[in-house]
Amino acid sequence: MLQSREEVLAFTKQLVSIESIVNTDGEKVMAHSLHTLISSFSYFTDHPTNVTIEQTVDDEQERYNVLAFVKGTKSSSDRTIILMGHMDTVGIDDFAQIKDHACSPETLMEALKDGDLPVSVREQLESGDWLFGRGVLDMKSGLACHLYLLKYYSEHPEELEGNIVFLAECDEEDGSHGILSALKTLKKWKNEYDFDYVAAINGDFVSPRFEGDENRYIYKGTVGKLLPSFFVTGAETHVGSCFEGLDPNFIVAELTRQISYNPELCNEAYGETTVPPVALKQTDLKPSYTVQTALSAYAYYNFFVHSWTPGEVLEKLKEQAFIAFQNALRSYKERYAQFCKVSGEPFQDVIWRPRVFTYEEIDQLLVEKNGAPYVRYMNNFKQSLLEDEALDTRMFAARVVEEAWKWMEDKDPAIVLFYSSLYSPRIDITGKTKKEQDLIEALDQAVETIQPQYSYPIVTKNFFPYISDMSFVALSDNEKGIEAVSKNNPGWGTKHYVDYQAIRDINVPVINIGPYGIDAHKKLERTEMMYSYEVVPNLTNLVIKSLL
């Protein structure tokens with residue numbers, strides 16, 4: 001057993017002390033500090049080309065990844081394991097009046113003692129085995145574990161029959177520019193040094209899945225994440241004559257009622273089920289106040305998948321949108337009839353019907369109808385939108401759909417379904433290849449070895465349940481599945497693009513062995529040190545030793 005606790009703890013505190021909030025200059029500071037630290041290890045002073053800091057590509061922010069590798073000397077082997085983790089964190093505004101202590105675990109823990117805390121949190125705070133602070137759980141403790149193992153094997157390359165690649169990537173908490181840029185370096189090293197990537201081990205955090213859950217989870221593969229989005233048009237009217245039009249907000253409200261928390265949209269695979277979708281944004285697109293109802297509205301929803309393809313998700317949501325539209329019109333008619341009854345106004349038949357399109361469908365329709373002038377106009381429009389740096393990928397996509405809709409001859413109320421953000425692909429590790437079989441066997445052996453020495457159950461599951469950069473080192477979707485993303489994202493190729501072929505070029509089975517804790521992304525973010533700094537490094541090391 002490696003005596004890892006004190007050194008991993010020291011690395012964790014060192015990393016946490018650097019405020020590396022995503023999309024801030026702190027990411028840049030974090031990367032340079034980590035690069036300087038690794039470069040100071042004696043192995044890398046002797047092998048300076050084995051560590052690099054590289055700026056991300058096609059990124060509006062200046063930020064960097066840090067990569068390093070150790071070549072084993074036990075015997076000649078191309079087998080290589082990637083140890084990966086992200087350097088960035090979410091913000092610290094939730095710490096409020098103790099914000100200045102957010103990245104200083106010692107002073108933060110002292111400050112927290114003076115506050116009103118739940119009994120269980122106070123017990124953990126005073127136990128001596130929990131560390132509090134922004135990033136201690138998500139995921140600088142995991143990164144510290146990998147840093148410890150990189151340093152260990154840099155000092156003991158004779159124990160390695162193969163190679164270790166260390167990857168610390170930026171921008172995991174937003175657009176994954178870090179891992180997507182790092183793929184190019186991983187591919188370059190694969191060709192230059194003949195690295196055969198046999199496994200990747202991510203170090204992201206694990207938490208209880210429900211109240212009273214004492215399991216410490218390890219995950220094979222990961223959930224996939226999509227952002228299905230809906231552009232909804234109505235029929236505008238003066239609010240004083242509200243039944244002469246149809247408010248798109250009314251349809252969107254029904255859409256959210258139909259989709260959010262709907263168990264029919266949970267995806268079960270290998271005995272595990274995703275959580276249902278939930279709305280992340282719902283708004284109309286009126287630029288300012290008027291007494292006219294909105295012309296259009298917009299909503300998007302988080303959507304997790306275990307086995308469904310992006311194309312299948314579109315089919316399911318198209319059905320749900322049609323149901324929502326039907327329900328909205330039915331309710332509208334009932335309320336209109338009731339109003340006419342109490343007001344004495346004559347009832348006019350409601351002529352609208354439910355209409356739901358995908359973006360791909362309306363784009364094809366408009367290309368067939370209008371040809372080159374439409375294509376040229378929309379390309380120019382997208383280029384002009386790029387000049388507005390305030391538009392994120394999601395609102396950029398909505399504006400493209402809004403503009404395309406202006407070309408439609410039939411402008412009766414409708415719903416347009418599309419994707420407006422990054423698709424984080426699902427990964428299943430089931431033993432379908434020799435590399436997957438070897439990784440699963442190594443993991444099972446590691447857990448079997450460590451479990452008797454640790455009092456809480458260490459449980460292996462199939463899908464990491466949170467969004468992570470694991471999604472970008474392997475690909476379970478085929479080309480048709482990915483095509484549904486590219487053809488239905490209005491910003492594809494301009495505001496947004498992912499080279500999924502680069503993922504296929506690496507395509508390494510990935511697992512997550514990460515620190516255990518509670519309240520990631522919250523003020524009371526905390527890590528249990530025994531599991532995180534003793535068990536996790538040893539589990540990871542046993543997998544390494546088994547595979548190399």
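Visitor: Which residue in E5 is the bridge partner of Leu67?

Guide: In this predicted model, Leu67 has Leu167 of E5 as its bridge partner.

Visitor: What makes strand E2 and strand E5 a pair?

Guide: Pairing requires at least two bridges between two strands. Strand E2 (residues 64-71) and strand E5 (residues 163-169) have six bridges, in the antiparallel sense, so they count as paired.

Visitor: What makes helix H6 a helix that packs on the sheet?

Guide: Contact means heavy atoms within 4.5 Å. Helix H6 (residues 136-155) touches E2, strand E3 (79-86), E5 and strand E6 (196-202). The direction of H6 makes about 145 degrees with that of E3. Helix H16 (residues 529-547) packs on the sheet too, touching E3, E5, E6, strand E7 (216-220) and E16; its direction makes about 155 degrees with that of E3.

Visitor: What is the strand order of the open sheet of eight strands?

Guide: The order is E1-E2-E5-E3-E6-E17-E7-E16, and the pairing is mixed. Strand E1 (51-55) and strand E16 (458-461) are called edge strands, as each pairs on one side only.

Visitor: Why are E4 and E18 placed at the edges of their sheet?

Guide: That open sheet has three strands in the order E4-E19-E18, with antiparallel pairing. Strand E4 (130-132) and strand E18 (517-518) each have a single partner strand, so one side of each is left without a neighbour in the sheet.

Visitor: How do you know that E4 and E19 pair?

Guide: At least two bridges are needed; E4 and strand E19 (residues 526-528) have three, in the antiparallel sense. In this pairing, Trp130 stands opposite Glu528 in E19.

Technical notes:
Residues numbered from 1 in each chain as written. Predicted model: local features only at pLDDT ≥ 70, side-chain atom pairs only at ≥ 80, totals over all residues. Heavy atoms only, no water. Helix = DSSP H or I, 4+ residues; strand = E, 2+ residues; numbered from the N terminus. Axes fitted to C-alpha atoms, helices over the stretch in contact; angles between N-to-C directions.
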